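My notes follow in the order in which I took them.

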Amino acid sequence: MPKHERNDVMSKYSGYMDKVAKFDLSTGKLETYPWSDKNKELYIGGKMMAAKILYDNLSGKEEAFSEENMIVITTGPLTGTGAPSSARFDVAAISPETGAVEFCNCGGNFGYYLKKAGYDALILTGKCSEHSWLDIYNDSFVLHNADMEGIWGQRVVEAQAAVREILDRDYGCRVKCGIVTIGTAGEELRPYADIFSQERATGKGGIGAVFGWKNLKAIAVAGNHRPTVKNQEKLTAWNKKWIDATRSHALTAKQLPKLGVTEMRADAGELNTLSQGCLSCPIKCGFADVKACGEVDAEREQFGLLGGDVLAKDLDKMLVKMDASDKLKTEFAFMMQNVLESISATGQCTFTGLTALPAESSIEGAVGKCMNKLAPFISFINKHPGIMFFPLSAFYHDREMKYAVGMKMNLGKYMRCGERGYTLEKYMKALFCDGELCQCLADEGNKEALEKLLKAYYAIRSWSKEGVPTEATLKKLGIKKGSN
Ligand code: SF4
């Protein structure tokens with residue numbers, strides 16, 4: 001089928017499909033959810049977009065297993081444009097694990113194919129009346145009976161294969177598509193259940209159980225659209241430069257493809273694994289188990305990390321024993337979180353940010369002590385990110401946004417945008433906990449040190465001392481209810 005660009009796009013920005021689908025699983029009603037250019041600038045994509053949609057639609061009184069709970073699946077403007085490592089997507093909903101809103105970022109290929117179907121995001125409300133799976137092809141949304149087709153009750157890999165087989169049968173050809181499925185844990189409403197795109201998992205929050213409660217086993221998405229890009233020639237040249245840098249950097253060319261993020265799993269060496277990666281990614285850090293029959297199973301990270309994507313074996317060392325002042329640690333964390341948050345929202349994997357770092361670094365000993373002198377400087381930048389208006393040559397992301405989307409970005413804009421997204425995410429979580437946020441991670445050994453850091457960190461973010469964003473902070477960041 002010929003590929004075509006959407007002819008009803010009104011946005012001044014490329015990259016976006018300029019359409020958000022809202023589908024009611026109870027009634028089968030399909031609507032277009034408004035998403036303005038102003039929203040695109042304030043909440044770039046991915047998790048930020050989901051946070052704003054949930055902010056506008058939830059009051060904090062809703063429950064995970066209720067028809068009011070919405071599943072929001074979002075992409076970023078770079079997804080599907082050919083930008084490296086950009087096929088990822090976000091899923092958000094009220095979590096049965098925590099009772100608060102949870103946001104997950106997932107690899108695989110579903111984000112790419114959601115854009116191919118013509119959508120930047122998909123909002124699911126209501127509940128299917130019977131065990132179902134959703135087949136989306138461009139503007140056609142069809143719910144299939146998952147019992148009759150033998151898909152309900154299957155594990156992830158089998159369910160994906162079964163959906164694939166039905167699509168091949170119905171479309172009469174091997175249609176290129178993205179599929180997300182839950183396994184039996186989701187059907188059984190286990191509060192830690194994941195959803196999977198290929199072998200990649202959402203990894204936290206138990207949103208698989210929300211799928212299960214809504215009687216939704218899988219979503220297949222396909223279409224023949226594609227996003228426009230602002231300047232194809234410049235984008236292609238810039239992508240090549242970036243991919244070359246990724247393939248020559250010690251972290252993205254050696255550590256991640258070799259070790260992934262699961263080196264801490266005790267039996268890692270005994271597993272038969274395959275290094276896989278998300279669509280469009282030159283890094284390919286994923287490791288999937290391979291069964292005796294040769295079938296590829298789910299990714300290993302979920303078993304090794306149980307949701308905590310930390311590249312450190314020694315948390316004490318990270319949190320307490322760094323020879324850096326609390327001031328430096330918190331200011332640096334604030335800056336990095338904001339930048340990585342924005343990178344992820346554009347659709348790119350946060351690991352692409354590693355190319356901007358020196359391959360080997362240490363903040364212990366004399367180096368750490370010297371770095372403390374940088375704290376006031378970083379603090380000034382954090383307060384006034386607008387001064388970082390120039391492109392940084394080690395930081396490829398801003399020109400990617402310029403050439404693909406036509407959106408002017410620089411380090412300062414990434415920082416401000418990330419701060420907005422991070423604050424709104426925290427605000428939404430607090431809304432469901434009446435401000436009583438989880439104080440986990442701290443054990444007796446590091447509790448005092450962690451509390452000291454948190455106090456400083458909340459102050460930098462202009463949140464309350466309990467870690468809840470205030471109305472004044474939302475206002476300062478331009479966050480307000482309703483359409484902008
Ligand atoms: S670096 Fe790893 S997680 Fe990130 S997009 Fe590539 S394969 Fe996926």
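Entry 1, a hairpin. I found that β2 and β3 form a hairpin with 5 residues between them, and that G28 in the turn has a positive phi of about 80°. Strands here are DSSP runs of E with at least two residues, numbered from the N terminus. I noted that this is a predicted model, in which local features need pLDDT of at least 70, side-chain atom pairs count only at pLDDT 80 or more, and totals for chains, interfaces and linings use all residues. Residues are numbered from 1 along each chain as its sequence is written.

I then looked at the pairing in the hairpin. Strand β2 (residues 20-24) and strand β3 (residues 30-33) run antiparallel and are joined by 4 bridges. Two strands count as paired if DSSP finds at least two bridges between them. V20 has Y33 of β3 opposite.

I read the strand order as β3-β2-β7-β4-β5-β6, an open sheet of 6 strands with mixed pairing. β3 and β6 (101-106) are at the edges with a single partner strand each, so one side of each has no neighbour in the sheet. On average, neighbouring strands of this sheet are turned by 20° against each other, direction ignored. Strand β5 (residues 89-94) pairs with β6 in the antiparallel sense over 6 bridges. I checked A92 and found F103 in β6 as the bridge partner.

Between strand β10 (residues 178-182) and strand β13 (residues 216-222) I found antiparallel pairing over 4 bridges. G178 has V221 in β13 as its bridge partner.

Which residues come nearest to the ligand? They are G277, C278, C281, C285 and C349, out of 13 residues around the ligand. A residue is near if its C-beta atom, placed from the backbone, lies within 6 Å of the molecule. Domain 1 (20-222) and domain 2 (232-314) each give at least three residues to the shell around the ligand. The domain bounds come from an automatic or database domain assignment.

Key:
Axes fitted to C-alpha atoms, helices over the stretch in contact; angles between N-to-C directions.
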